[in-house]
Amino acid sequence: DESPFDESPFDESPFDEESDLNVSLEEIEMLPLNIEKEPESKTPVGLWRNCRRTRRSKSISPPRNNEISRNASPVRRRVNFYQRIKEQSQIRGIARFFSSSRESNEYAPSGPIVASAGLDLCMPVLLNFHMFVMMTHTDSETSGGIPPQVLPLIFLSILMLRSCVPFGPRKRFWKRINRAIAAPFSTVTFRDELIGEVATSMVRPLQDIFFAIFYYFASIYGIFSGKIELEDTGSVLTHNMLLHNVVLPTCAVLPLLCRFLQTLRKAYDEQRRWPYLGNAFKYLTATLVIFYGMTHNEEERSSWWIYCFAVCLIYQIWWDIVIDWELLRFVPRDELEAAGVCLPFVPRIRLRSKRLFKSNRSYWRIIFFDVICRFTWMISFIPAYHLNISGEIENTFSMDVKSFVGFGVSFVELLRRCSWVIIRLELETIKITNGRYAGNSYAAKSSRIQYSWFAPGDNGENHASQRNSMKWAAYRLLAKRLFFLELIVWLAAFVGLGFWVAALI
């Protein structure tokens, strides 16, 4: 592996005038760590240390303002430029995933920063919950006549303020969320894919957040108008048609639609069907099963819904292990025979050769956990109940009403998604740091879009002629537009079949 900076990009060597240099050659060579040249840094610990070392080297480097650059010698300015370009090109591995762009490493959160942010949100929640329990188990005179329903309002007010203050970091956070949501209108990056995948597993927490927002504004309206008592706000929202039939189902559908559009945009940018349309088919079939479960009562569901649920579940498990993780590969029989293994009952399934974790048991445990708990992903979309046209409550997932099943489903799904992200991030790290990684044959990209019936024929013309080149250029443009129409058909099928399944009885 040759570095792109082995040859100097300048006409003159920056070391011709050594008397003008204020730094030694050893300081010039102290550049960020190169992962490809140090095999011990390919472990997860080494990659994270590389990320931290890159951030530390940028934080302790002297400032390069215009005054210093203006007063420095020409040779010194050339050395600074050379070093700055090489520092930006050395961002590799996990550091690239947390960077704000491909050329910089301005944002790489460390473990203590993430832990402090989690503690910042956890402590107010525990304090508010403790005060709420204490006030509900004491008399109104002891609590000073303050109803316990006021505490969630105070906590939500502080939480809304913290979501916008401080403005700089919050702006960066909401900008990343907005970019992931605007999938069809911008290029989809790996970070956008991760945000979309995590959002599909956080449907129930998102629904709780929107329910809390409705509760907050309904309580504020009741306090100032006097039409709704603070103690009756919860019962009023229980029978609210707008909340249960529009807002909460929309919270469940939007992450699926966003991820579906991301796969279509990836297919359009790459001009390839596989594996992007295969992933889109996964979200399409899952959405149809979820729509039917959301809009139909438990007693009204057909047995075909259970069969479709099982088929979609098997397809999702296969996609996770073979396509998203590329963790399993099927060894051809000729390789087994070449290795001296000729027994027919010997399993042909192996883990991929390139891995970052030393223990193979960790991978098999994650695979087993994903197979056992994969059903929680679709179950988490189905609410406990919905309201019919007459405003009566119909149970869609009755086990979630008077038990901890709903909380258990959400918790297990978040744990499963965490393990999914770890293996997915490992695979992407291997692809970046190892240019020779071939990957899984099932996850290999298909050839570019071809519509052979529109392709220009030879007609005895030379392929290098200008007329034939213009024909092929027009064909490529036509193929791109036809593929765009094909993706529009996929989107129309997503919307049309969704409404048809929701109205199907």
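Visitor: Arg301 lies over the face of which residue?
Guide: This is a predicted model. In it, Arg301 is placed 4.8 Å from a ring centre. The ring whose face it lies over is that of Trp305.

Visitor: Is Trp305 buried or exposed?
Guide: Buried means under 20% relative accessible area. The relative accessibility of Trp305 is 13%, so Trp305 counts as buried.

Visitor: How many aromatic pairs are there, and are Tyr216 and Phe217 edge-to-face or stacked?
Guide: The count comes to 18 aromatic pairs. In the pair of Tyr216 and Phe217, the centres are 5.3 Å apart and the planes stand at 90°. Planes over 60 degrees apart count as edge-to-face. The pair of Tyr216 and Phe217 is therefore edge-to-face.

Visitor: Are the rings of Trp305 and Phe309 stacked or tilted?
Guide: Their centres are 5.6 Å apart. Planes under 30 degrees apart count as stacked and those over 60 as edge-to-face. The planes of Trp305 and Phe309 meet at 45°, so the pair is tilted.

Visitor: What separates Trp305 and Phe309 along helix H14?
Guide: Helix H14 covers residues 303–324, and both Trp305 and Phe309 belong to it. They are 4 residues apart, which means a separation of about one helical turn.

Visitor: Where is Ser186, and which backbone oxygen does its side chain reach?
Guide: Ser186 is in the loop between helix H8 (167–181) and helix H9 (190–201). Beyond neighbours within four places in sequence, Ser186 is in contact with Arg179 and Arg265. At 3.1 Å, its side chain reaches the backbone oxygen of Ala182.

Visitor: Which residue forms a salt bridge with Asp192?
Guide: The whole structure holds 15 salt bridges. In one of them, the closest N and O atoms are 3.3 Å apart, and the partner of Asp192 is Arg179.

Visitor: Which helices hold Asp192 and Arg179?
Guide: The pair ties together parts 13 residues apart in sequence. Asp192 is buried at 2% relative accessibility, whereas Arg179 is partly exposed at 32%. Asp192 lies in helix H9 and Arg179 in helix H8.

Visitor: How many residues apart are Glu193 and Arg424?
Guide: Their side chains meet in a salt bridge at 3.9 Å, N to O. Glu193 is in helix H9 and Arg424 in helix H18 (residues 405–433), and the pair links distant parts of the chain, 231 residues apart.

Visitor: Which residue meets Arg273 in a salt bridge?
Guide: Arg273 is partly exposed, with a relative accessible area of 31%. The N to O distance of its bridge is 3.0 Å, and the partner is Glu486.

Conventions: Residues numbered from 1 in each chain as written. Predicted model: local features only at pLDDT ≥ 70, side-chain atom pairs only at ≥ 80, totals over all residues. Heavy atoms only, no water. Phe/Tyr/Trp six-rings, centres within 6.5 Å; stacked < 30°, edge-to-face > 60°. Helix = DSSP H or I, 4+ residues; strand = E, 2+ residues; numbered from the N terminus. Buried < 20%, exposed > 50% of the residue type's maximum accessible area, 1.4 Å probe, protein only. Lys NZ or Arg CZ within 6 Å of the ring centre and 35° of its normal. Polar contact = N/O pair within 3.5 Å; in protein donor to acceptor, adjacent residues only side chain to side chain. Contact = heavy atoms within 4.5 Å. Salt bridge = Lys/Arg side-chain N within 4 Å of Asp/Glu carboxyl O.
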